[in-house]
Amino acid sequence: MWYLCVFYHRLLDYRIAEVESLAHLFGVLEDGSALQWKLPLHHHPDSPFHFVYLPSEDAARNIANRSILVKGMYELWGEGSSYEELEEAIRNYPDVNKLPYLVAESTFKITVDSFGKIISFQEQNDRIRGLTYIPFKGRVNLKNPEHKFWLIETDDYGSNNGLPPVVQKRIFFGREVGAADRKLLPTYQLKSRTYLGPTAMDAEMAFLMANQALATSGKLVYDPFVGTGSILVAAAHFGAMTMGADIDIRVVRDGRGPDCNVWSNFKQYQLPMPISLLRADNNLPPWRPGLKEVFDAIICDPPYGVRAGGRKSGGRKLLKGVVGPYTVPDDKRTDHIPSTAAYSLVECVHDLLDLAAKMLVMGGRLVYFYPVLREDDSTDTHFPEHPCFKLIASCEQILSFRYSRVLLTMVKIGPYTEEIAETARLKHLEFKENHVKWLEEGNLHAAVFSQSGDDAAAGNSKFSKDSKPKYRGKYV
């Protein structure tokens with residue numbers, strides 16, 4: 001059955017990818033398949049209104065209720081470009097589908113909503129009174145109704161208000177099947193978090209990453225750059241078992257004291273504690289050689305040198321051969337902080353893919369952020385590859401006119417072998433040579449924060465006031 005899926009108008013690249021992932025989670029899709037989508041008449045591809053085909057109402061409800069970006073999933077009773085067309089469509093909708101929700105024993109509520117315009121309270125009441133041709137027999141209950149109906153209107157509001165252009169007015173009426181629980185976001189917002197670091201992932205994005213990774217009860221999720229645990233908190237909320245590692249022992253062991261550390265973040269929300277937090281180096285993973293296929297998902301935000309640079313074990317003198325390897329005396333091991341050296345993103349991503357290929361179960365997901373520079377409002381679409389993985393989603397979040405990050409979702413499709421490892425190494429060298437010269441240590445930071453000549457020009461159209469009202473696409 002076709003359902004009207006109405007999204008929140010933000011993070012446009014993430015919306016369909018999240019619904020597709022949740023469809024896999026709830027068994028609606030098999031691996032390699034995709035949902036059927038279509039747009040309402042005359043709607044822009046970035047419109048928050050989409051039609052999606054789902055096999056049952058339960059599937060639609062489960063996906064919508066778990067989602068972060070689905071404002072509502074509706075059984076559409078009618079649509080039209082005018083209220084006369086809407087009335088005709090609702091009258092023609094089969095009674096067998098309508099009458100069970102209009103009986104005298106039920107309670108209901110009608111909400112009037114709009115996109116790109118404001119409808120006054122008086123106008124909302126007038127529109128509701130205009131629905132008298134629908135034979136509602138139940139009682140109105142505004143606080144806790146059994147059935148929620150929505151009248152949603154969008155209009156030709158012009159092209160200079162920053163929203164996707166609408167060619168023609170469209171009105172929808174339908175019964176709500178499910179909706180996102182946006183109360184999660186104020187509950188888990190960072191400003192109320194007990195323990196924070198400079199690169200803590202915001203709550204909305206952490207929940208989106210957990211949904212992309214199919215985090216749920218019985219699954220084990222690992223974050224090799226755990227930091228203050230923001231991503232694992234989201235995974236734990238959905239019932240997953242969690243495990244994390246970080247190269248900075250002060251973060252995972254000490255925090256800012258016994259009541260302000262990674263563990264206290266889980267305690268704050270009464271979530272299951274992580275199975276373990278390790279002091280570990282992504283470049284030198286601690287797993288014994290025979291250990292493989294342990295994790296159901298790996299979710300992380302690798303350090304790429306904009307707000308914090310990556311580090312690996314060794315230290316400058318050790319890596320240059322000035323000093324040899326050393327053993328820390330027993331009496332100093334408790335307070336010892338190992339030396340570290342710079343860790344470029346190219347090397348970091350290669351190690352991450354190698355770790356995931358070894359440690360993910362078949363069909364497990366690797367979800368991580370990858371930075372890109374924007375040239376002429378476009379991005380280089382070449383991403384790291386690995387023979388064990390298939391890229392199923394790439395979702396761009398634009399952070400500035402010059403810099404964005406892409407959430408890559410990869411699924412493991414093949415076993416890890418020595419031959420695969422060698423093939424992956426050659427792919428890494430080719431990728432490093434051809435596409436990511438600017439990703440070497442320091443170059444990304446310089447590219448993001450240096451002022452180009454075009455940006456400095458007074459007449460730059462990107463930064464002129466006249467350009468702000470125009471539709472900005474994914475800048476939301």
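A: Before anything else, a contact here means heavy atoms within 4.5 Å. And keep in mind that this is a predicted model.

Q: Okay, among contacts between residues at least 6 apart in sequence, what share joins residues at least 24 apart?
A: That share is 75% in this protein.

Q: What about burial: how much of the protein is buried?
A: Buried means under 20% relative accessible area. Here, buried residues make up 49% of the 476 residues. As for the surface, the protein exposes about 23100 Å², with carbon and sulfur atoms supplying 51% of it.

Q: Is H12 enclosed or out in the open, and which residues are buried?
A: In general, an α-helix has 3.6 residues a turn, so residues three or four places apart point the same way. In H12, 12 of the 15 residues are buried, so the helix is largely enclosed by the rest of the structure. Among them are Leu-345, Val-349, Asp-351, Leu-352 and Met-359.

Q: Now a strand residue: where is Leu-391 found?
A: Leu-391 is found in strand E17, residues 389-398. With a relative accessible area of 40%, Leu-391 is partly exposed.

Q: Which residues is Leu-391 in contact with, leaving aside neighbours within four places in sequence?
A: Those are Phe-383, Leu-408, Thr-409 and Met-410. Lys-412 is 21 residues from Leu-391 in sequence, and their C-alpha atoms are 9.1 Å apart in space.

Notes. Residues are numbered from 1 along each chain as its sequence is written. This is a predicted model: local features need pLDDT of at least 70, side-chain atom pairs count only at pLDDT 80 or more; totals for chains, interfaces and linings use all residues. Side-chain values use heavy atoms; hydrogens and water are left out. Buried means under 20% relative accessible area, exposed over 50%, partly exposed in between (1.4 Å probe, protein chains only). Accessible areas come from the Shrake-Rupley method with a 1.4 Å probe; for residues, only the protein chains shown count as cover. Helices (H or I, at least four residues) and strands (E, at least two) are DSSP runs, numbered from the N terminus.
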